[in-house]
Amino acid sequence: MNDGVDVIIVGSGASGAAAAWSLSRDKSLRIVCFEQGSISKQSEYPSKSTDWELSRSDKFSFDPNVRKNPADYPIDDSNSPISIANFNGFGGSTILYSAHFPRFHPSDFRVKTLDNVASDWPLNYSDLIPFFNENEKMMGVAGLIGDTANTNYDNLLPPVPLGEMGKVIANSFNEKKWHWWPSYAAINTSKHKDRASCINLGPCNIGCSQGAKGSVDVTYWPIARKNGVQVITESRVYEITLDSKGLADGVMYIDASGNECKCKAKIVIIACSGIGTPRLLLNSKSTAFPDGLLNDNGLVGRNLMLHPLAYVEGVFERDLKSSIGPHGCCILSQEFYETRAEHDFLRGYTMQILRGAPPIETAISGYLMRQLSTGKRHHEDFKKLFNHTVGIAIISEDLPKLNNRVELDFENKDSCGMPGVKVHYELSNNTKNILKHGINMSKEVLSSAGAKVTSSFSPVRNSGWHLMGTACMGTNPQKSVVNKYGQAHQVKNLFIVDSSVFVTSGAVNPVATAQAITLFACNYIRENIAKLS
């Protein structure tokens, strides 16, 4: 593709899709999006078949090192207690996410001012309110207005039903006088924008055959493509190029046929995730940036945040039909979200109530935890576990640390010869104390509800979905990579709009906030486009 365009977007996931839709409202703009993966077909998602659970350890695994699709790249996370999860394909990781969709809190943008830790963001929660609202309408977010911990919601679909399990846990929170609320979920609980409602086909993190889950391939992209955005799949961008004036002038990529190509553009937007974005920047070396694009201050890839998780599970005597419903979206508690003087940690966590495991997972985990035999009592033991279990995930605030980082791995390369990544990550003492407290409080909730607590541990290794902080925003070019609009300090027509720009991580899933920031940034781009090239 040799013809120049106005805007190139690299990555078609949550933020790339929101950017494409937002900018395509200006019909005069020629916009192209490059995606290294292919388009997934809803008719081929595992929930259409009886062996759907097995797919999670194969082609629909969250782990690219297991999945090994042609679009995936090697990720060496042996120096991290948390393995990295992502999905490389049209729609990005929203294809496999659970659609838990809370916003950051106002305090998350001011942790330095409030708690004298990390840094304040260069923007405030109030700056993002109209973009949160816009995003939730586009994605189709279910919830309940009136949450005392989240007061600025505008319009939501009806909440995901709690089910018997959710009601039991909610009553336990009530008895303890702790905050709880129905989960905010990007799941259609009623028909929304011509998409059908949820019919509980199975866990959302293997792709939604019904189209009820708000993955961006069915929310933002149909409109963006109708508006004229061109999407080029199976094409891996490996370098952002600069002109003689130091401006971004396009990308180099390998197309589906293995050809090396260049596409020129007036503006380049990167939306490749907290792992993929620093990988692309570090691989884009030039005389102006010999250590990687925008890495003149050594911060690209630094301050990686992953939201370490703890997990507590309880078993109830009664059948709660706990496996029915979207797995990650029942209720949440933010009772311990903010800093408290009596705690031995700063900031806090969200308690996310998870539904019970499906049949095969119940059998396997039950066997491994010696709750289920393989002999004559197998079916009797199974009946006492399946639909009787409830899990609580503790999503901890993950404060930035300079040495938690992503770097290029030249020994392990992808199918096009581009280096993979190495991840170096360790938990801080603050995080360890958060997780310990969260486990103890979760045990109290489950015990109060009448469950027998059967397991608790942290950190959960297979939980590295939330990739943040590796190209952070700020006002000082020496201490940040981009400004509050995602605009690179050193290259004015280069923007980063995914969660790599996060200054801090909050204690909730980052997608809703990342997309709001994307819309905020693209609003700025549309208003100032004549000045950027």
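A cavity is a set of points on a 1 Å grid over the protein atoms alone where a 1.4 Å probe fits but cannot get out, and a lining residue has an atom within 4 Å of a point. The views below come from a predicted model, in which local features need pLDDT of at least 70, side-chain atom pairs count only at pLDDT 80 or more, and totals for chains, interfaces and linings use all residues. Residues are numbered from 1 along each chain as its sequence is written, and side-chain values use heavy atoms, with hydrogens and water left out.

View 1. Lining residues number 17, and Cys198, Leu201, Gly202, Cys204 and Cys208 are the closest to the centre. By class, the lining has nine nonpolar, seven polar and one charged residues. Here Ala, Val, Leu, Ile, Met, Phe, Trp, Tyr, Cys and Pro count as nonpolar, Asp, Glu, Lys and Arg as charged, and the others, Gly among them, as polar. Across the whole structure, the search finds three cavities of 30 Å³ or more.

**View 2. The second largest pocket.** A pocket, unlike a cavity, is an open set of points with protein on both sides within 12 Å along at least five of seven lines. This one holds about 470 Å³ of space. Gly37, Ser38, Asn69, Pro70 and Asn88 are the closest to its centre among the 24 residues that line it. The lining comprises nine nonpolar, nine polar and six charged residues.

**View 3. Packing of helix α1 on helix α11.** Helices (H or I, at least four residues) and strands (E, at least two) are DSSP runs, numbered from the N terminus. Residues 14–24 form α1 and residues 511–532 form α11; the two pack at an angle of about 30 degrees, with their axes 9 Å apart. Axes are lines fitted to C-alpha atoms, for helices over the stretch in contact, and angles run from 0 to 180 degrees between N-to-C directions. Contact means heavy atoms within 4.5 Å. On the α1 side the contact residues include Ala14, Ala18 and Trp21, and on the α11 side they include Val511, Leu519 and Ile525. The residues of this contact divide into ten nonpolar, five polar and one charged.

**View 4. Glu313 in strand β9.** Strand β9 spans residues 309–315. Glu313 counts as buried because its relative accessibility is 10%; buried means under 20% relative accessible area, exposed over 50% and partly exposed in between, with a 1.4 Å probe and protein chains only. Leaving out residues up to four places away in sequence, Glu313 touches residues including Met369, Thr389, Leu446 and Lys452.

**View 5. Loop residues Glu234 and Arg347.** Glu234 is in the loop between β5 (230–232) and β6 (236–242). Although Glu234 is not a glycine, its phi is positive, at about 55 degrees. Glu234 is partly exposed, at 42% relative accessibility. Arg347, in the loop between β10 (331–333) and β11 (349–354), also has a positive phi, near 60 degrees. Arg347 is buried, with a relative accessible area of 1%.

**View 6. The cis peptide bond from Ser458 to Pro459.** Omega of this bond is near -10 degrees. Pro459 belongs to the loop between β15 (452–457) and β16 (494–496).

Technical notes. Grid points are joined across faces, edges and corners, and a volume is the space filled by probe spheres set on the points.
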